[in-house]
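Reader: I'm new to this one. Could you walk me through how to read its features, step by step?

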Amino acid sequence: MILYIHDNKTGGVIEQTCRTLGVEVLTAADAEKQQADASQVDTFLDRVDAMVLEITKPDQQVQFLLAHAILAQKPTLCLYGKNQPPRELLKYVKKGKPPRPIKTFSYTDGTIERSVANFIITHDPEKQEFDDIPSIKYTLRLTPRIERYLEWYSETHQTTKADRIRELLENAADESDDYAEGERVEQ
Amino acid sequence: MIAVHHPPPVFGWFCLLLMKKTSIKIYYAGGLESEHLSREQISRWFDEFDELQILAEVSVSPIRVSEGSLGWLAALARRIIRDWNSFDGCVVSFTPDFFIIGSTILQQLMPEAGKPVVCVSAPLTSQHDNAYGEILYKASMLNAVQVALSDVAGVLIQRGNTLVGVEQNDDMSDGKLVTVGSIDFGIQLQKNRAKRSRVKPAPSAMKFDTVSYVRAGSRQARTEELARAQAKHFIIDGGARLQLGVEKQVPAGKTALLLSEQAAYLYMDGSLREVDAPTRAIAAARYVVALESGGESALEQQLGTRL
């Protein structure tokens, strides 16, 4: 996975997190040095799989990158400091119906690394495999009505009750605008 | 006495950026796949282009492109100069086939400009010469607007991911295309580029209303178009398929510049001469400028023709 990072605020935390996870990183400085052959790609976004943009105080370049990302539906994580949302820019990101490829996240020093890691896991096929293994044991009390539904569903669709619950939760997570505290990804 | 401090232009420019959303004007003279769009359809298309609004405050002026002569191009240059103080940079969108020629002629009309005038079109896809996608056109438009916001000046041609300008000689007539920058996760500009200044281009007296641009097409269609046109002079663009003997279709007493993909030829007084120019677009620009400034008698000298 190749990830483009635009970050003038966190002092390299985003880049470090990506490199720790073994992701190949491209920054503005790298792009300027490398000067890709223009004839090789239709647009520069074709050179990367996804982007992470720090947008707390959006400059002209980040607006440009975000406009291209929205146009090309390129998976992009937009990070901004908690309680410092760039409201005008977020209006454009949140236009249209979910699921949107552009995710936003208001971070603190304690949550930024986890949000970047979650984004990478979601978009990197190699890391997704690990993330999709149901390895966490969970105890759940259900009502008799839900139990009757699960019984019926598993018999009708030849699947397990646990698979059905996981499927429902994954769908809910995909469609949700507010994720769990600390890992919340607004779409 | 109060001392008034005038900030340097670059500093002033950045202050302007901080104070208000920058204003970009788009002159639309083609570029979308559908050629026949009403002014309302063009305006609506740009209104719904949300990504563009992220970059700047954009206003769009559809340009009436007349097929009878190139007069509309000279009128467009005058319009840009008239609007000069109302925008921070502007973009001119051409149809793909006329893009480079139109841009190069526009450069001749505005050799000195203190703001960016960025010429753009839909990139042709490699699969089919005549097909181009809306997404690629939108991406090109985003790039062009970003260039128009940058600290660069002059009439520039944005071709794919590359930005080119014209290197001007002293007589302003013999420019070669030079790379000014590239688009790669931002606008990467060459250090020696022309930067923004207060220079407003002087309106040109050129009208180009005696020259008609004729696209490659079937022999019959071209014959009809040449016969119908009221122009005294023609640019016949054969593209990759300039046919032998095409000059015989030019009505008697008129001149023509014949363009193939690789070369340009002047047809005048019944004979054909090869034109010495770095590109076919520059040959076209010299042809129209020479006709305006010196008439037919100036053509051979200005175009450096040889039999």
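## Confidence first

Author: Start with residues 1-8 of chain B: pLDDT stays under 50 there, and the model has 1 contact beyond four places in sequence for them. Here pLDDT is the predictor's confidence in each residue, from 0 to 100, and contact means heavy atoms within 4.5 Å. Where pLDDT is low, the predicted coordinates should not be read in detail.

Reader: So what kind of model is this, and what counts in it?

Author: This is a predicted model, in which local features need pLDDT of at least 70 and side-chain atom pairs count only at pLDDT 80 or more, while totals for chains, interfaces and linings use all residues. Residues are numbered from 1 along each chain as its sequence is written, chains are lettered from A and ligands numbered from 1 in the order in which they are written, and side-chain values use heavy atoms, with hydrogens and water left out.

Reader: Where is confidence lowest and highest in chain B?

Author: Helix H1 (residues 9-19) of chain B is lowest, with a mean of 51, and strand S3 (residues 89-94) of chain B is highest, at 97. Helices (H or I, at least four residues) and strands (E, at least two) are DSSP runs, numbered from the N terminus. Chain B as a whole averages a pLDDT of 83, and 83% of the residues score at least 70.

Reader: And where is confidence lowest and highest in chain A?

Author: Helix H6 (residues 125-131) of chain A has the lowest mean, 67, and strand S3 (residues 50-54) of chain A has the highest, 97. The mean pLDDT of chain A is 85, with 86% of its residues at 70 or more. For the complex, the predictor gives an ipTM of 0.84 and a pTM of 0.81.

Reader: Now the sheets. What is the strand order of the open sheet in chain A?

Author: The general idea: strands of a sheet pair through backbone hydrogen bonds, either parallel or antiparallel. We call two strands paired if DSSP finds at least two bridges between them. In chain A, 5 strands form an open sheet in the order S2-S1-S3-S4-S5, with parallel pairing. Strand S2 (24-27) and strand S5 (102-107) of chain A stand at the edges with a single partner strand each, so one side of each has no neighbour in the sheet. From one strand to the next, the twist averages 20 degrees.

Reader: How many bridges join S1(A) to S3(A)?

Author: Strand S1 (residues 2-6) of chain A is joined to S3(A) by 4 bridges, and the two run parallel. To find the spot, look for A:Tyr4, which stands opposite A:Met51 in S3(A).

Reader: What about the sheet in chain B: what is its order?

Author: That open sheet has 5 strands in the order S9-S10-S11-S12-S13 (chain B), and its pairing is mixed. Strand S9 (211-215) and strand S13 (271-274) of chain B are at the edges, each with a single partner strand, so one side of each is left without a neighbour in the sheet. For an antiparallel pair, take strand S11 (residues 255-259) and strand S12 (residues 264-268) of chain B, which pair over 4 bridges. There, B:Ala256 stands opposite B:Tyr267 in S12(B).

Reader: On to helices. At what angle do H1(A) and H5(A) cross?

Author: Axes are lines fitted to C-alpha atoms, for helices over the stretch in contact, and angles run from 0 to 180 degrees between N-to-C directions. Helix H1 (residues 13-20) and helix H5 (residues 112-123) of chain A have axes that come within 9 Å and cross at roughly 45 degrees. That makes H1(A) oblique to H5(A); angles under 35 degrees count as roughly parallel, over 145 as roughly antiparallel, 65 to 115 as roughly perpendicular and the rest as oblique.

Reader: Which residues of H1(A) and H5(A) meet?

Author: A:Val13, A:Ile14, A:Thr17 and A:Cys18 in H1(A) meet A:Ile112, A:Glu113, A:Val116, A:Ala117 and A:Ile120 in H5(A).
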